[in-house]
Amino acid sequence: MLYRETGQFKTDYASDQQLFPIRQDRIAVFVLLAVAYVGVPLAAQTPGLAGAIDFNYWFSGVLIPFLIFALAALGLNILTGYAGLLSLGTAAFMAVGAFAAYNFELRVPGMPMLLSFILAGAVAALIGIVFGLPSLRIRGFYLAVATLAAQFFVVWALTKFGWFSNYSSSGVITSQKIVVFGYAVDTPVKRYLLVLAIVSVMALAAKNMVRGAAGRAWMAVRDMDVAAEVVGIPIMRTKLLAFAISSFYCGVAGALYAFAYLGTVEPAGFELDLSFRILFMIIIGGVGSILGSFLGAAFIVLLPIFLDLSATSIERSFGFALPSGLVSNLTLIIFGALIVFFLVVEPLGLARLWQIAKEKLRLWPFPH
Amino acid sequence: MQFFFEVLIGGLLAGVMYSLVALGFVLIYKASGVFNFAQGAMVFFAALTTVGFISMGVPFWLAAALALAAMTALAFLTERLVLRPLVNQPQITLFMATIGLTFFIEGVAQLTWGAQVHALDLGIADEPIEWLMDRTGMNISKFDLVASGIAAGLVTLLALFFNKTRTGRALRAVADDHQAALAVGISLQKIWVIVWTTAGFVALVTGLLWGARNGVQFALTFLALKALPVLVLGGFDSIAGAIVGGLIVGASEKLAEVYIGPHVGGGIESWFPYVLALAFLLVRPEGLFGERRIDRV
């Protein structure tokens, strides 16, 4: 009843092509942004709530990683979901971003923090282009293996060459203090707001990109590259652009991962496991969907927390301690089973379920 | 020069072990077009199950048979719960499903048998062959040689199975063309179970050999990653390619470690095969023996 676009006439091309063509969607997005920007920080300031909920944990343990992983998933989704190029090297590009941002801050005096984030993304994009070059010749699984070369090579190089980590032992770097326009970002709330701002701007940019010429070219190449070439889409430029932009997103996500989330990172923290986790986010969230990247990231970040909590509550209510290996192994099993389950039930992920729900909502309360 | 040959032979023998892992991938890829990322986890699971039964006091042969039974059960479950519902999906979806399967198997294996490192003794000593040591001064492990012998035997067995039996012929038919195989009355589901069981058997042999070498531990799952450049070099759908690719990767990574490694700080074994495979792909995108793909619009 409420969610119905009856009466919303589109009188020109621009209004038909806008990002959220349905008014209710626009309102929902604004409400969501208002809650994220104003509601959540205000709630954290409210004395009554702040006593009941540990907001510092929620910001630095849940919300910040969620946003950062969503950004990385967004990057991978551009490459895998839109351009159809399977990559297993996401973590490597994040590592490049993290170490590049660290080095820009370290070696260039008075470097603005935001600029070094952007430059970190650009460095990651360059590396992405280099490792994307083979995609012009190879595809599918062969390409996935080629991106693994990036994964192992980057982690090895960052560990072996001390210059990248300013000669600290085993390549550990501790990020500098975040200062944006002379304003110190030092509390979890401030870091959350910074990450939120960067992520929402980049998500908006991505949403725009995939509906524009670049996005359509990516999708054409994904669906059938020979046909795309025949209708005049430059394959090389399209694929390399996908690699560059995807790596840019991953690079910025990596820089935020190091600066706003962990503070101290080492190359070993960007192993293949992390790449897989981000891949799972887009599978579960929805391949080829901006919204899906966020849903998937939320799912993968929240699931282990939820399992941990339920294990603790089981222990408490039954009064015995579960073996320590049990929970982590059960997490593995549930993780694996869920992935298979999602692929079987809904190969297009949570984003597709959301879409189906919206379709149903449009007709409600009538069946047709 | 003698040192060169020692490294080369050592690398080739290690390469045989990589070939074994790659073989499991190729079998499944040929028959079902699934790129089975879970092969490494299957190796781990098979070896761990064997060791687990041995530690319960079961004799080795029975333990291996029980592990094989477990792999067969796994093949049935995989076919029923993963492959059948996902039939006709894009290959990439199936690939991701096998990544999920990897996590699942790893979790189940460690939940059942624990996560500690187990030793496995196959009764083959891991010591240099004295005869060769005396004559040429080269240090070649007896264990490596026996392992290569077992691998060669396994490959011969598989070749016979594929070329000389009725089931083998059906497997090759399915590999060539699913629909045509269905049309002449070959049950796809039965073939898939058979091929996953065969891959499970290969995983068992691999797991026992690697386990005896390095101990049965979680690191066995990383074998899958070692096998990927082998596959790329050899082509995903060629048994001969898996073997040749394994030899190339084994030999080149040892040689590179010894001759290039010291100049760049060592530890290049982790990525050298990948970069080698990558460079190779630029020249031949379908690998050494892989089937050339022709695109139609």
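Here are some notes on the predicted model shown above.

1. Ground rules. Residues count from 1 along each chain as its sequence is written, and chains are lettered from A, with ligands numbered from 1, in the order in which they are written. Since this is a predicted model, local features need pLDDT of at least 70 and side-chain atom pairs count only at pLDDT 80 or more, while totals for chains, interfaces and linings use all residues.

2. The chain A–chain B interface. Chain A puts 34 residues into the contact and chain B 40; contact here is C-beta atoms, placed from the backbone, within 7 Å. On the chain A side, helices 7 (141-160), 10 (225-230), 12 (272-285) and 14 (324-345) each give two or more residues. Helix 14 of chain A gives the most, with 13 residues. Helices are DSSP runs of H or I, at least four residues, and strands are runs of E, at least two, numbered from the N terminus. By type, the chain A side splits into 28 nonpolar, 4 polar and 2 charged. The nonpolar set is Ala, Val, Leu, Ile, Met, Phe, Trp, Tyr, Cys and Pro; Asp, Glu, Lys and Arg are charged; the others, Gly among them, are polar.

3. A helix pair in chain B. Helix 1 (residues 2-32) and helix 9 (residues 188-214) of chain B have axes that come within 9 Å and cross at roughly 175°, so the two helices of chain B are roughly antiparallel (over 145 degrees; under 35 would be roughly parallel, 65 to 115 roughly perpendicular and the rest oblique). The axes are lines fitted to C-alpha atoms over the stretch in contact, with angles from 0 to 180 degrees between N-to-C directions. Residues in this contact include L20(B), L27(B) and A31(B) from helix 1 and W192(B), V202(B) and L209(B) from helix 9. The tally is 17 nonpolar, 4 polar and no charged.

4. Domains of chain A. The assignment, automatic or from a database, gives domain 1 (21-50) and domain 2 (54-363). Their centres, over C-alpha atoms, are 24 Å apart. Domain 1 of chain A brings 6 residues to the contact and domain 2 brings 5. On the domain 1 side, helix 2 (residues 23-45) of chain A has the largest share, 5 residues, and the side is made up of 6 nonpolar, no polar and no charged.

5. Backbone spots to look at. The peptide bond from W364(A) to P365(A) is cis, omega near 10°, and P365(A) sits in the segment after helix 15 (349-363) of chain A. N166(A), not a glycine, has a positive phi of about 55°; N166(A) lies in the loop between helix 7 and strand 1 (173-174) of chain A. N166(A) counts as partly exposed because it has 15 C-beta neighbours inside 10 Å (20 or more would be buried, 12 or fewer exposed).

Conventions
Two residues are in contact if their C-beta atoms, placed from the backbone, lie within 7 Å.
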